[in-house]
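Reader: Hi! Could you walk me through this one?
Author: Happy to, ask away.

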Amino acid sequence: MELFENCTVGKVRMRNRIIRSATHDGLADPVTEGITDELIRKYVFLAKNEVGCIIQGYAIVSPEGRSNYPRCLAFFNPDNADGFKRLTAAVHAEGAAIVAQIAHCGRQTSGKAIGMKKIAPTAKRHLLYPDKAREMTKEDILRVENDFVTAVARAKEYGYDGVQLHLAHGYLLHDFISENGNKRKDEYGGSLEKRMRIIKEILEKAREKVGDFPIWVKLSATDKRSKGMRIEYAVKIAKLLEEYGVDAIEVSCGSVQDGMNTMRSKRFPMDAIFAYREPLASMPRTLNRAVLAMAKLFNPLIPQPKPLGLYNVPAAYALKEQVSTDLIVVGGITDVADMKKLIADGIKAVSMCRPFICEPNFAKKLKSGEATKSRCIMCNCCGLVIEKEPTRCLMGKVKYPLDKR
Ligand SMILES: Cc1cc2nc3c(=O)[nH]c(=O)nc-3n(C[C@H](O)[C@H](O)[C@H](O)COP(=O)(O)O)c2cc1C
Ligand code: SF4
């Protein structure tokens, strides 16, 4: 297999094996939560510049699953259908495939953002979103299943090439499959098969509606939670996903509670945290600056997950030994030589997020030979900007919004 060749990954036809990993773009219409011209322009630019497939930033399946981030896409308002259809047609016209990631934030949001009490498989507190969630009833579970199924059907109707269920990064479905997030004693918890039951039921019901429409998942194969995700456990999950007929697994890691694990960097982006994360961002300016100065002194002492590059590759290779489902790997992939090696080793596609925030024309540069490596310095400022503004690359230089006040 080659990096640049026409191929089929998880039943989706692509012109090469380079994927823009799901990235919350912060460009949804603030009122309708649907598509805007800004988002279409952004995706058309990626498509014109040779990306094989764009996985759209997560779209939420129901109002209670909303994100804390502003301008997040939603898939539950049928009035937005025309916008989504315009987007998929525009991307296809430039030769790229587009897959819709669908998600429910579970307890990784705030009651304030969703206007009601949060729900989760188990009523655990979240380190960063401390308002307590309510434990889901059986009715809640069946409702969420139907919301996902409706979203899968919409993805097909809107012209996407496939859909990706977000089972990663601490969101609701990750919580269900993790022993850390799911302490239920009923038929949706207590054993691996029971923790996976919600996924199985979503897939069964979705297949009845959409036939063989490509359904992918994104899986955190590891995280830092006690009794959370680990490679041996992820292998068992992958075997079940294969049995349930999932077409591709994108191997990722982490939960938002792990800090900078999903997207790794040498240091916490302290300037960006103090500029964009509440309640720090709203502190009086002098206090904010003083606490930031202290935090920066301690920052080098705060341990960060390692390695910084290719960090989901061992998990992806472990899964490859045990399942025949198409595998995609994401996380710290920056160098074309590594990409080619992964593909030669049987990984079906490589997926990248920050490299495309930094250089939206990265795939074209790789294809032409203009670049062999991403210019992204992995400062992770883009991961904090999204708390208030559309996603963009700051290259380590935080333009302090407090200066504007
Ligand atoms: C600004 C930003 C937004 C992200 N949004 C999403 C998202 O909507 N869905 C998702 O599954 N992952 C999201 N991620 C995680 C990335 O898809 C990816 O898994 C992670 O950044 C590691 O890949 P990288 O090293 O290529 O950046 C986001 C990451 C960043 C930095
Ligand atoms: S802000 Fe730019 S350089 Fe820093 S991690 Fe994000 S994309 Fe990379």
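Reader: Let's start with valine 330: what is its bridge partner in strand 13?
Author: That would be serine 351. Keep in mind that this is a predicted model.

Reader: Noted. How many bridges join strand 12 to strand 13, and are the two parallel or antiparallel?
Author: Three bridges link strand 12 with strand 13 (residues 349-352), and the two strands run parallel.

Reader: And what about strand 11 and strand 12, how many bridges there?
Author: Four bridges connect strand 11 (residues 248-253) to strand 12, and this pair runs parallel. Within strand 12, isoleucine 328 sits opposite glutamate 250.

Reader: Is strand 12 largely enclosed or open, and why?
Author: Largely enclosed by the rest of the structure, because five of the five residues of strand 12 (residues 326-330) are buried.

Reader: Nice. Which residues are on which side of strand 12?
Author: Asp326, Ile328 and Val330 are on one side, with Leu327 and Val329 on the other. Both faces of the strand are covered.

Reader: Switching to valine 217, where does that lie?
Author: Valine 217 is part of strand 10.

Reader: Buried or exposed, and why?
Author: Buried: valine 217 has 26 C-beta neighbours inside 10 Å, and the cut-off for buried is 20 or more.

Reader: What does valine 217 touch, leaving out residues up to four places away in sequence?
Author: Its contacts are Gln164, Leu165, Leu167, Leu241, Val246 and Ile249. Take valine 246: 29 residues separate it from valine 217 in sequence, yet their C-alpha atoms are 7.2 Å apart in space.

Reader: How far apart are the end C-alpha atoms of helix 8?
Author: They are 18 Å apart, which agrees with the 18 Å that 13 residues (231-243) should span at 1.5 Å a residue. Just after helix 8 comes glycine 245, with a positive phi of about 90°.

Reader: Now helix 7. Which residues are buried there?
Author: Ile198, Ile199, Ile202, Leu203 and Ala206 are buried in helix 7. Seen down the helix axis, the buried residues fall within an arc of 130°, so they line one face.

Reader: And what does that buried set of helix 7 pack against?
Author: Helix 4 (138-157), strand 9 (162-167), helix 5 (172-177) and strand 10 (215-222). Glycine 211 follows helix 7, and its phi is positive, near 60°.

Reader: On to the ligands. How many residues surround ligand 1, and which are closest?
Author: There are 26, and the closest are Ser21, Ala22, Met263, Cys353 and Arg354. Strand 3 gives the most to that shell, with three residues. By class, the shell around ligand 1 has 11 nonpolar, 13 polar and two charged residues.

Reader: Which residues come nearest to ligand 2?
Author: Cys358, Cys376, Cys379, Cys382 and Cys393, out of the 14 residues around ligand 2. Helix 13 (residues 354-358) supplies the largest share of this shell, three residues.

Reader: Last one: how does the shell around ligand 2 divide by class?
Author: Into 11 nonpolar, two polar and one charged.

Methods: Residues are numbered from 1 along each chain as its sequence is written. Chains are lettered from A and ligands numbered from 1 in the order in which they are written. This is a predicted model: local features need pLDDT of at least 70, side-chain atom pairs count only at pLDDT 80 or more; totals for chains, interfaces and linings use all residues. A residue is buried if 20 or more other C-beta atoms lie within 10 Å of its own, exposed if 12 or fewer, and partly exposed in between; C-beta atoms are placed from the backbone. The arc is that of the directions from the helix axis to the C-beta atoms. Two residues are in contact if their C-beta atoms, placed from the backbone, lie within 7 Å. A residue is near a molecule or strand if its C-beta atom, placed from the backbone, lies within 6 Å of it. Ala, Val, Leu, Ile, Met, Phe, Trp, Tyr, Cys and Pro count as nonpolar, Asp, Glu, Lys and Arg as charged, and the others, Gly among them, as polar. Two strands pair if DSSP finds at least two bridges between them. The expected span of a helix is 1.5 Å times one less than its number of residues.
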